[in-house]
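Good morning, and thank you for coming. Please look first at the model on the screen, and then I shall take you through it.

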Amino acid sequence: MTTMPQQGSNASTREKLRTYLLHRWVHRRWFYNNWELFIQQPHGKLGLIMIVIFGLMALSHPILMETVWNRTLFDPSIGFDISIMPHPTTPTWRHLLGTDNFGRDVFSQLLAGTQTSFSVGIVAAIIAVTISTLLGGAAGYLGGVVDAILMGISDVFVLLPAQIVLLIFGLLLRLEWPMVAIAYGVVTGLGGQAIVVKSHTLKIKAKPFIEAAQAAGGGGGHIIRKHILPGLLSLTIVHAVFTVVGAVLTESLLSYFGRTQYYLSWGTMIWIGQQTFRWFTLEGQWHVILPPAIAIMLFCSAFYLVGRALDEVLNPQLRVR
Amino acid sequence: MLKFIVRRVVRAFVTLILFQSLLFALIHALPYDVTAFTLQGSSWREFMQRQLGLDLPLWTQYFRWLGKFLQFDLGVSFQNWPAPVSNIIFSRISRTLLLFLSATILAYLLGIWLGKMIAWRRGGWLEFGVTLGGVATYTSFAPWLGFVMINIFGWYLRWLPYQRLVNPNVWFNAPVMIDSLLARMVVTGAIALGAFLLVRRASHGLNKNYWRWTSQAAGIVIIGVGIGAWWSRSGLSYLAIDILSHLTLPLATVVLLSFGETMMIMRAAMLETKHEDYVLTARAKGLPDAVIRDRHVARNAILPVITRLALNLPFILVGSLVIERVFTWQATGEIIFNAIEYQDIPVLLGILSMVGILALIAHILLDVIYTYLDPRVRYIGLE
């Protein structure tokens, strides 16, 4: 007798689970369909694989520091290998990409720089996309005074070149990577992106299904959640990807010019490698400069390719089928 | 229409004033003080501050600067006092335009052409390869790409010079100044382009493909020979060749760095326009594929690209600091970098606000031109 209620509750849980999974499946079908479309494209697949590799590189650095690498030899900023004497050394099995002229392991620096690039790119993208979607969407949907004020702000910010603003700041302020990411995200998000989002919102607002939703009694929140925001999704993703690329390139440039106050960045690696590098004979530190330069290129390309493939999936006018 | 333009201009003026205020606030929020580095004691420092107007309260400085700006006076540089800022900018602007304007136009032409091609052959290996190449050069780190170009073409192959605008040995005792020669080269280029367009227009009516191509090639050869003869008669061709050979490498680098973006935008626009009804009509009429691509799809898809060009064009005045550094080009980017280093506030404010004015003019022109380019756009409903 004691087992009966248990069995009953078991059955109902199973029932609940089945309903839940069914609902999930119905909702997730959108995801799986789009995933299949995404993975069919060679660009998207290639970009995704590269992003995963970079992600593993960023994650592996602290683990390697704890387990395999000796901290005094392999630390990216203060490590020094005393057993090798002429110090910019070419790649060996001990140092996979050699060492720079301060005796630090280049591979360890490369992995640590991946973390900086990921952080800068993703923080900048989140900030830019949030600002542009909120402000541009509000300006387009509400119109009137809100539109006038917000677009006035955007018109001012679109005139600012972000790189030069950051260079000006970098002379006297101690620029850390969050500041670079925030400044870049705010300038790009408030500037061009908000204007594009606003015009796109106006286009969506003029579509017949909005009128139908209003006639069916849908409120403002419902229309924004169910119609406006999904319509803005493809644009948002494209903007996010462009922001990642721009922010990483800007950050590399700033640290290449020595304007940032942290070490672990690909731009700084190139800058330090160039101090003693003779380009014309390829003597010296090619192994310090080439890995970060190629890493910047591959990182930005990966995000760009993924963004392109996502755009192709989510934008109904570009869709393959 | 006139009412719309007037309203747009008034709004642009308000935006300009706001932009100036933002710039002033941004730069003065930093602890910039050019007089702090003087080695000649505090009395000299006070004298400097009085001379440069830095002892006044910030509000007074702001309104002074704004008032001067509205009279088209950008003030006096701190770094090489008392040279006016406008002179400093205009002394370098021809170099900037020579490199970055021509590079931007070339990059857009290349990007539009490639974007058209890869959009039309969608899904093939050609598209995959071209996209990968365009994205890789677009996202590569600018100083690195510059050094690679220098290393390959400048050093190992020794095809091209890679530093400065001209070779001083060639220009020793030259009969003309660089600027007049540049003007002459620009005029020549415009004449050549016009002649080429005329030839293309004239050969348009020929219905056999090979006749059209032969006549176009003949026209190009005749134009080339004519221009070569004109330049060799003037006796300045060696100077022009010197400038062109110095220009090639930086130009190629800037084009490589920037054509990918245009290509991807053009491709997306082409794919969006491909499904319009008029394309279907054109197909139903039995028009050739190339005609549909060039005249029905590409002409309509080019609008967002032109928008982007118009919005980006003012910013070439800022130049590209990196490219100028790598190739020792010494144009406006170098001025900005020096101004930042030496805390030369008037020069910074001057250049950035000139960019702002040009960008605002471009926005207004774009709005006006758009109504002619795309009759579907009407501002009556939106405004």
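What covers the buried residues of helix 12 of chain B? The cover includes helix 4 (85-120), helix 10 (237-273) and helix 11 (277-285) of chain B. Here a residue is buried if 20 or more other C-beta atoms, placed from the backbone, lie within 10 Å of its own. Helices are DSSP runs of H or I with at least four residues, and strands are runs of E with at least two, numbered from the N terminus.

A word on conventions. This is a predicted model, in which local features need pLDDT of at least 70, side-chain atom pairs count only at pLDDT 80 or more, and totals for chains, interfaces and linings use all residues. Residues are numbered from 1 along each chain as its sequence is written, while chains are lettered from A and ligands numbered from 1 in the order in which they are written.

Let us stay with helix 12. The buried residues in this helix of chain B are B:Ile292, B:Arg293, B:Val297, B:Ala298, B:Ala301, B:Ile302 and B:Val305. A kink of about 50 degrees is centred on B:Ala298; the bend is the angle between axes fitted to the seven residues ending there and the seven starting there.

Chain B as a whole has 16 helices and zero strands. Its C-alpha atoms fill a box of roughly 85 × 60 × 40 Å along the principal axes. Of its 383 residues, 30% are buried.

We turn to the two chains together. In chain B, 35 residues are in contact with 32 residues of chain A, contact being C-beta atoms, placed from the backbone, within 7 Å. By class, the side of chain B that touches chain A has 27 nonpolar, seven polar and one charged residues. Ala, Val, Leu, Ile, Met, Phe, Trp, Tyr, Cys and Pro count as nonpolar, Asp, Glu, Lys and Arg as charged, and the others, Gly among them, as polar.

The largest nonpolar core has 149 residues, of which A:Ala124 and B:Leu348 touch the most other members. Such a core is a set of buried Ala, Val, Leu, Ile, Met, Phe, Trp, Tyr and Cys residues joined through C-beta atoms within 7 Å. Among the residues that B:Leu348 touches are A:Ile168 and B:Ile27.

Finally, confidence. Chain A averages a pLDDT of 82, on the predictor's scale from 0 to 100 for each residue. Over residues 1-5 of chain A, pLDDT stays under 50. Where pLDDT is low, the predicted coordinates should not be read in detail.

Methods
Buried ≥ 20, exposed ≤ 12 C-beta atoms within 10 Å, placed from the backbone. Contact = placed C-beta atoms within 7 Å. Lists of a residue's contacts leave out its neighbours within four places in sequence.
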